[in-house]
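Work through the exercises below with the structure open. Try each task before you read its solution.

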Amino acid sequence: MKIAVLSGKGGTGKTFVAVNLAAASAEPHSVYIDCDVEEPNGHLFFKPAKINTKPVHIKVPVVDEKLCNACRKCVDFCKYNALALVNDKPFVFDEICHSCGGCSLICPQNAISERDKKIGEIQTGISDNVNVITGMLEPGQESGVPIIKTMLSSQEANLGLTVIDCPPGSACTVMESIRDADYCILVAEPTLFGVHNLNIVYDLVKFFKKPHGVVMNKCLDTDNPVEVFCHRNDMKILAKIQFNKKLALMNSKALIAAREDNLYHDLFVSLLYKVKEEVQNEAITNS
């Protein structure tokens, strides 16, 4: 089962929920995948051992000027304007290339080949019963989608429970992160701004027709606009996590609450049970 954890912005507690959900699992080998490749921080909590690092490359075109006859077919083909012809001399702009390979296929002179370009790396390690997979995009690179695809297609990502820590927002990296998810947990803060951010990811999971529920974080004993929003839109509230100084202190020390405190261990075990139940009900409904 793959559970994706989303939020409309950073700082709502998305990683907190994802990390503790994976840590609370009773399965012999659960998997945590940090798809927030621009700013991954789940590994700071897990502190994995036996780390292995693997680079991630994409293919970018290389033009042989001796073979190129300036026919412009590659330039006209590229919808991303990654190729240009200036004074009959070809230029390749790696930064906006989407690595589709079409230019090399369409070139009548076979003047275009491809080379590997490193865009980041994937680190794998172990923390107790959790396999930790972290994607890291190199500074200056445009898209982390190839890294996310590589992580989610790995053998480890398809064994038992997999918790996917998505990037914040609703960009293409988030879409790729939830593409194969069985269930989406939307994390929100109990404020008007939190409602706005929740609505962003709510629209996304509706578009992808993903079963979903909400975890409200940092709750206080005051009016909760997010709760009102959930009731109006018939969204299931999976859990309410109260604002707590002890919890904030554990987070500031990069400690996993589910491993440090029985209260939070039970809370996330209960959350995991609810999600599994939701997935089973969804499967029965669609069968």
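The model is predicted.

**Exercise 1.** Find the strand that holds Asp-165, and decide whether Asp-165 is buried or exposed.

*Solution.* 
- Step 1: locate the residue. Asp-165 belongs to strand E8, which covers residues 162-165.
- Step 2: check the cover. The relative accessibility of Asp-165 is 0%. Buried means under 20%, so Asp-165 counts as buried.
- Step 3: look across the chain. Asp-34 is 131 residues apart from Asp-165 along the chain, yet 4.9 Å separates their C-alpha atoms.

**Exercise 2.** State how many residues of H1 are buried, and name them.

*Solution.* 
- Step 1: count. In H1, 11 of its 11 residues are buried, and the helix is mostly covered.
- Step 2: name them. The buried residues of H1 are Lys-14, Thr-15, Phe-16, Val-17, Ala-18, Val-19, Asn-20, Leu-21, Ala-22, Ala-23 and Ala-24.

**Exercise 3.** Work out how many aromatic pairs the whole structure has, then describe two of them.

*Solution.* 
- Step 1: count. The search of the whole structure gives 4 aromatic pairs.
- Step 2: take one pair. Phe-16 and Phe-268 lie 5.5 Å apart, centre to centre, with 80° between the planes. Planes over 60 degrees apart count as edge-to-face, so this pair is edge-to-face.
- Step 3: Phe-16 sits in helix H1 (residues 14-24) and Phe-268 in helix H11 (residues 262-286). They are 252 residues apart, so the pair links distant parts of the chain. Phe-16 and Phe-268 are both buried.
- Step 4: take another pair. Tyr-202 and Phe-229 are edge-to-face too, at 5.9 Å centre to centre and 85° between the planes.
- Step 5: Tyr-202 is in helix H7 (residues 192-207), and Phe-229 is in helix H8 (residues 225-232). The two residues are 27 residues apart, and their pair links distant parts of the chain. Both Tyr-202 and Phe-229 are buried.

**Exercise 4.** Find how many cavities of 30 Å³ or more the structure has, and describe the largest cavity.

*Solution.* 
- Step 1: count. There are 2 cavities of 30 Å³ or more.
- Step 2: volume. The largest cavity has about 110 Å³.
- Step 3: lining. Of its 17 lining residues, Cys-78, Cys-97, His-98, Cys-100 and Cys-103 are the closest to the centre.
- Step 4: elements. Strand E3 (49-63) and helix H4 (102-106) each provide at least two residues of this lining. E3 gives the most, with 3 residues.

Definitions and conventions:
Residues numbered from 1 in each chain as written. Predicted model: local features only at pLDDT ≥ 70, side-chain atom pairs only at ≥ 80, totals over all residues. Heavy atoms only, no water. Phe/Tyr/Trp six-rings, centres within 6.5 Å; stacked < 30°, edge-to-face > 60°. Helix = DSSP H or I, 4+ residues; strand = E, 2+ residues; numbered from the N terminus. Buried < 20%, exposed > 50% of the residue type's maximum accessible area, 1.4 Å probe, protein only. 1 Å grid on protein atoms, 1.4 Å probe; cavity = no way out; pocket = protein on both sides within 12 Å on 5 of 7 lines; lining within 4 Å. Points joined across faces, edges and corners; volume = space filled by probe spheres on them.
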